[in-house]
Amino acid sequence: MVTLSTIFIIKSDTINLEKYTIKDLPGSSGRLDVIARCVLAALIRDDSFIEDTQIWTFLGNYGAFIFDTNKLDYQTFPKNELKLAKAMVELIQRNSPDSLRNVPIKIATIIDIINELMQKKYTIYILEERGKDFLRELQFIPSIKRAFVIGNQSGDFVSSEEICRFNLSNLSFGPKSYLASSIIRLIQIYLERKK
């Protein structure tokens, strides 16, 4: 079994495909475009996948989708937001597009996954505006077995009682609000430079 370098965990309770149309992806999908951007930010560098990386996307009633660079084919993987969102809709609807055929759907909660990762000795961080400065803490972030939990749109998830009881380290890129995909991309850039 491969020891993963990095896992990202992101949650969205707004995804709803009842009125989905590719012509209005943001408005008709409950912001599946945001999730697609996060997946791309986590997995892809300029011309290849970032090795040994996963992103778990928890999409409310649709389940948890695990994107793993060790199991995906870079040549067929959708590399733009619209194509990835379209493939994700097909996956959610159980049509299993070839480009995402190795993306499993799990019935699990983020709490279950955090518990599992802690048992496997992963160092887990919460990204939150009031956390410790990411750049100052970068030297202490391990090179393998690290996970980053990115908050939902309202921010209530990362400050929930369920998450707080784990007493995880909070990291921040400052008081300015960033898009989740931007946070993920910044983390990947700094982790790559650290190698």
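1. In this predicted model, F49 has a relative accessibility of 9% and therefore counts as buried, the cut-off being under 20%. Y74 falls on the buried side of that cut-off as well, with a relative accessible area of 18%.

2. By the distance rule for ring centres, the count comes to eight aromatic pairs. One of them joins F49 and Y74, whose ring centres are 5.2 Å apart and whose planes meet at 85°, so the pair is edge-to-face, a term that applies over 60 degrees. This pair links distant parts of the chain, 25 residues apart, since F49 is in the loop between α2 (32–43) and β2 (53–58), while Y74 is in the loop between β3 (64–68) and α3 (81–92).

3. F134 and Y190 make a tilted pair, because their ring centres are 6.2 Å apart and their planes stand at 55°. As F134 belongs to helix α5 (residues 134–137) and Y190 to helix α7 (residues 180–194), the pair ties together parts that are 56 residues apart in sequence. F134 counts as buried at 0% relative accessibility, whereas Y190, at 22%, counts as partly exposed.

4. Two charged side chains deserve a look alongside the rings. The charged end of K79 sits over the ring of Y74, 4.5 Å from the ring's centre, and R165 lies over the face of F166, at 4.7 Å from the ring centre.

Conventions. Residues numbered from 1 in each chain as written. Predicted model: local features only at pLDDT ≥ 70, side-chain atom pairs only at ≥ 80, totals over all residues. Heavy atoms only, no water. Phe/Tyr/Trp six-rings, centres within 6.5 Å; stacked < 30°, edge-to-face > 60°. Helix = DSSP H or I, 4+ residues; strand = E, 2+ residues; numbered from the N terminus. Buried < 20%, exposed > 50% of the residue type's maximum accessible area, 1.4 Å probe, protein only. Lys NZ or Arg CZ within 6 Å of the ring centre and 35° of its normal.
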